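Welcome, and please take a moment to look over the structure below. This briefing is meant for someone meeting it for the first time.

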Protein chains: 4
Amino acid sequence: MINVGIVGGTGYTGVELLRLLTLHPKVKIKAITSRSEVGINVADMFTNLRGHIDLKFTDPADAKLNKCDLVFFATPNGIAMKQAESLLKAGVRVIDLAADFRIKNVAEWEKWYGMQHACPDLVAEAVYGLPEINRELVKNARLIANPGCYPTAVQLGFLPLLEAGVIDINHLIADVKSGVSGAGRKAEVHTLHAEASDNFKAYGVPGHRHLPEIKQGLSSVAKKMVSLTFVPHLVPMIRGIHATLYAKLTQKINLQALYEKRYQNEAFVDVLPTGKHPETRSVRGSNICRIAVHQPQNGDTVVILSVTDNLIKGAAGQAIQNMNIMFGLSETLGINQIPLLP
Amino acid sequence: MINVGIVGGTGYTGVELLRLLTLHPKVKIKAITSRSEVGINVADMFTNLRGHIDLKFTDPADAKLNKCDLVFFATPNGIAMKQAESLLKAGVRVIDLAADFRIKNVAEWEKWYGMQHACPDLVAEAVYGLPEINRELVKNARLIANPGCYPTAVQLGFLPLLEAGVIDINHLIADVKSGVSGAGRKAEVHTLHAEASDNFKAYGVPGHRHLPEIKQGLSSVAKKMVSLTFVPHLVPMIRGIHATLYAKLTQKINLQALYEKRYQNEAFVDVLPTGKHPETRSVRGSNICRIAVHQPQNGDTVVILSVTDNLIKGAAGQAIQNMNIMFGLSETLGINQIPLLP
Amino acid sequence: MINVGIVGGTGYTGVELLRLLTLHPKVKIKAITSRSEVGINVADMFTNLRGHIDLKFTDPADAKLNKCDLVFFATPNGIAMKQAESLLKAGVRVIDLAADFRIKNVAEWEKWYGMQHACPDLVAEAVYGLPEINRELVKNARLIANPGCYPTAVQLGFLPLLEAGVIDINHLIADVKSGVSGAGRKAEVHTLHAEASDNFKAYGVPGHRHLPEIKQGLSSVAKKMVSLTFVPHLVPMIRGIHATLYAKLTQKINLQALYEKRYQNEAFVDVLPTGKHPETRSVRGSNICRIAVHQPQNGDTVVILSVTDNLIKGAAGQAIQNMNIMFGLSETLGINQIPLLP
Amino acid sequence: MINVGIVGGTGYTGVELLRLLTLHPKVKIKAITSRSEVGINVADMFTNLRGHIDLKFTDPADAKLNKCDLVFFATPNGIAMKQAESLLKAGVRVIDLAADFRIKNVAEWEKWYGMQHACPDLVAEAVYGLPEINRELVKNARLIANPGCYPTAVQLGFLPLLEAGVIDINHLIADVKSGVSGAGRKAEVHTLHAEASDNFKAYGVPGHRHLPEIKQGLSSVAKKMVSLTFVPHLVPMIRGIHATLYAKLTQKINLQALYEKRYQNEAFVDVLPTGKHPETRSVRGSNICRIAVHQPQNGDTVVILSVTDNLIKGAAGQAIQNMNIMFGLSETLGINQIPLLP
């Protein structure tokens, strides 16, 4: 059994980690911490867990996290960078679901996240945990930077095109739509039901924190700097990300075959048949990314549709996928749920 | 392994049966029938099942249902009553998720359902599959009438009060609210998103088909005829039933203790602590019924709040719970999912 | 023209007052105050008002409210009671959309609202602004306590039965459902879209602040103390209240005729034909209350269905209706919008 | 007074025409037709109209439409083309809210709409009723082809860029999102609440009927053929369109000034200040189009955000705007409502 600790379990990625890890056959949750909720039963806060989990939130100081095999950080940005080093020294492996170790260029990170990095030395070591790209590196990683929700859907969508070198990388467009849970379990006016329901809007068009993360990932695959326009939108739904990606083709290619081949051995990427359109609910509650490839009117613009559950493949599920790889387990263990539909 | 057939798998109870049975460790789905969709891949219609199930809809005539150990009817009312008899003769057990065998009084059934009963002889034999009441009968049943969604939530809510004989059974009120999936996967104007979303209404106040079913169940427990006012409402949500039940207390009693004791050994009924209010999402995607008991201002009116997922404890999950009991399996096998929240 | 001031215009009742008063032919909005938003354009906060209103939020100290003919308080509870007296002394009439002057029993008010009343002397003078009951008193009132949203829907529903004296007033039940905007424009976790959407729950069953207000109103009409069980619920929709009311009939009566007669001259109460069910969207954006009367299975329980838009007939619209009456205008002036459907 | 007839009033554009025309000070609705609902009170079908309209659906044969000054067709595609000619001959002006007269190239129209055009002669005469482009032509038109919902939002968004000639017209992208009412009031499975709620998807990527209409409009402004990729999406909301438009700038220009100048005299186009993002609810229930202009990271890609209410500026409201222009009335008469928020 893998002894696991969770730091910061009161948000949506926290409750999803709990839901998935509770039924994972090779995991024992040793501690879940929260400064604000010390002593509260986890199942009193998240009533879906009643009868399944018997654990209280503990103070980080009392949680004996350094006795764990693995610690997940489901915290706001800026927490893991302060605690990861001492855990690693104690031999604990770390998966950070926040952004602290995602951007290799520390100055760039500090600009977008508005704080000084507490642990720049570890940034280089951290493995960006997108298994479909970095599986081999994940196997031996001590520290995983778990990808953001938008970056996961966008990178998986563009990946085959970039690897094949068949698009103009100077004019990539990612028009992406997210459910409201992407904003987290924070009390804010603009994500109230009365504000966000029956409504649709773009936000962050001048610049969004996931932009440098996506550009870094795409550029790494393309092996040169890509230029990307990234426009996130807020959808009146709870979960789900839908990325609509546009690129200009620079040569003729069988797009459907390209995608099917690239992902044929990936358990969590499903390429739909020609002509289909994935919908977010088809992955609700699961770790799957479904992708469709289109070339409208047989023109030179390729349109990729990529959907994920932002809390699972975009957060908690991908973290567990990384854990499975790190500990030599079957990659799908405990995260093979069938999406909930309707 | 239990060899299972499903008749009529294109509705919401059908897809839920498929989702749950696919991962059930003791079940093999042999056939799923649909006259209208013969030859279509199940996973093409329900894309959540892609990668998990490799089965086509077959014509009932080709499905060899009489070779199965068990057949589920996930059909409209009036189908199972025509086919159950021959299956039973072939030694196949039957669980009908529709209403054909729920009402013992055949004339009453015919009045509410507007058709002649094709098989009145089997009505008496059929066991009403609410395990919390009829577990022993279910064990040996050949034919299960699986309860309706409203009746499940209402009966589990009233049950302890009726068994204890502490309420006036002449003035029961069930004010019940259902998500839109309760209306089924049928193309109708009033359940369109543009009609049902951001809206709330009662319907069927003069009379609803679940009224006689609920009254039969409650009267059977009370051992005399109860009088019930039942008002169903349509909630702009996908899944979930919330029953708010009112009764006049006829004696003093510790209500919280009564409910906790009654359900202490029930895996799928969860009595909340004093003062709590269950929410439908706390059971979303699960077979659980959560109940809270209130006595506002310490007056003589008891208020019971009872929530279920209408497609699971109110349909497919309860059917599988019955199957587990009938075949001597652990009652929770394959239906122990943790609800999906948020 | 009536010169109007609005105190506290940053909530949902505030923006609705602005929307309706901006197009009211006899009103000039002189000032809208907000301590936190001083200097901000109203239309920058509420973008629906762009092009229709050219006003900034001002500090209450600078607003010259005592030069107005009428001041609306669209503030949290506890504000109007501190400012009403000096305005009245200056000859300004006041309509409080919060609860400060609704409960005649000051001790009762203090218990439910958890604060000391700053101005108990004015409570007796304040007129409870439900025009369908108190129209004559409203005409000459200086100070109006505008009813709460739940109390409006419930009182209009029970009114004809109580006036006619045909029900048992010791066992009234009000099972009421509200859209999320009823909780106001406040940043709170439980009303986030990701929490409240696709979900349904009761709340406040042990006791809700609108209970004493409703009981006071019903008892006043019944001319003796009624006993009421009031259970509010949260519906995943933006606007709308649906009250389902239950009472035991004590004599035979033509219920439909009773309701039609009682409301035949009321512009804002619409009694539906026999057998119909009102839906909340049928009053969305309007000042109308629609009511249907049912007597299921011809039994002794009467079921009343009453719907309103909580922000209009339950708040801003009713306040303007009161204003129209106070200033001798046509009662429907400026609030005769047709509901928005779909 | 303008005597108006409405052909086909049972869909969403029909009920919106009724809502708006009922309160229009210069309009008298003489007849509304529906073959399927003859004799039914309009207000029985659309309960929001109760108390505001006293009209029954009539058979087209009895409606005396040729006595009207103006007839609106709120019918499916293919109806107006059969009836417009005889009405025009009788001196009646016609506004078709469907697509029959929108595409000048009849062969192209027949390909996309899958039927033979019944009246190709009138196609040339018909004026495409986008007042912001064709106001002068609308004034004297006998026959208006009222634009589609997607085409309105997209054309108003691209218009200033095309007129100024500052973008590469060979790679336009329109990523557009629509509320479910855009699919009409038709009983279909994929727009059921249980299917469309809490879900997001693209559709029609290989080709959508609004593509030729948009391309025709944009090409006409650009004075040469544009190349456009158009991807429509379905949003789980009732009303609203959000177009996210992408183009490559070919020269430096002050985009904000360009847009503000182009639309400074347009009553129904609102250009937001720099850096803002319009949301669909800010135009809910109104005839307004709100637009924001962005140039992310000061790169060469311009991003335009354009929102409308698909049933109003995208249908009924724009039709009335055209009517106002045709009959010499103030262009905003009767359609100057403030959007409903929240």
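The notes that follow cover the pairing of chains, a sheet, and a helix crossing.

This is a predicted model, in which local features need pLDDT of at least 70, side-chain atom pairs count only at pLDDT 80 or more, and totals for chains, interfaces and linings use all residues. Residues are numbered from 1 along each chain as its sequence is written, while chains are lettered from A and ligands numbered from 1 in the order in which they are written.

**How chains A and D meet**

- Chain D and chain A each bring 41 residues to their contact, where two residues are in contact if their C-beta atoms, placed from the backbone, lie within 7 Å.
- On the side of chain D that touches chain A, at least two residues come from each of several elements, among them strand S8 (172–178), helix H8 (193–196), strand S10 (228–234) and strand S14 (301–308). Here helices (H or I, at least four residues) and strands (E, at least two) are DSSP runs, numbered from the N terminus.
- The largest share of that side, four residues, belongs to S11(D).
- Sorted by class, the side of chain D that touches chain A holds 18 nonpolar, 15 polar and eight charged residues. In this sorting, Ala, Val, Leu, Ile, Met, Phe, Trp, Tyr, Cys and Pro count as nonpolar, Asp, Glu, Lys and Arg as charged, and the others, Gly among them, as polar.

- Chain B has an open sheet of seven strands with parallel pairing, in the order S3-S2-S1-S4-S5-S7-S6; two strands pair if DSSP finds at least two bridges between them.
- Strand S3 (57–58) and strand S6 (127–128) of chain B are at the edges with a single partner strand each, so one side of each has no neighbour in the sheet.
- S6(B) runs parallel to strand S7 (residues 143–145) of chain B, and two bridges join them.
- Across this pairing, B:Val127 stands opposite B:Ile144 in S7(B).
- Helix H1 (residues 12–22) of chain B packs on the sheet, and its direction makes about 160 degrees with that of S1(B). Axes are lines fitted to C-alpha atoms, for helices over the stretch in contact, and angles run from 0 to 180 degrees between N-to-C directions.
- Helix H3 (residues 80–89) of chain B also packs on the sheet, touching S4, strand S5 (93–96) and S7 of chain B.

**A helix crossing in chain A**

- Helix H6 (residues 131–139) and helix H11 (residues 316–326) of chain A have axes that come within 9 Å and cross at roughly 40 degrees.
- H6(A) and H11(A) are therefore oblique to each other; angles under 35 degrees count as roughly parallel, over 145 as roughly antiparallel, 65 to 115 as roughly perpendicular and the rest as oblique.
- Residues making the contact include A:Pro131 and A:Arg135 of H6(A) and A:Ile325 and A:Met326 of H11(A).
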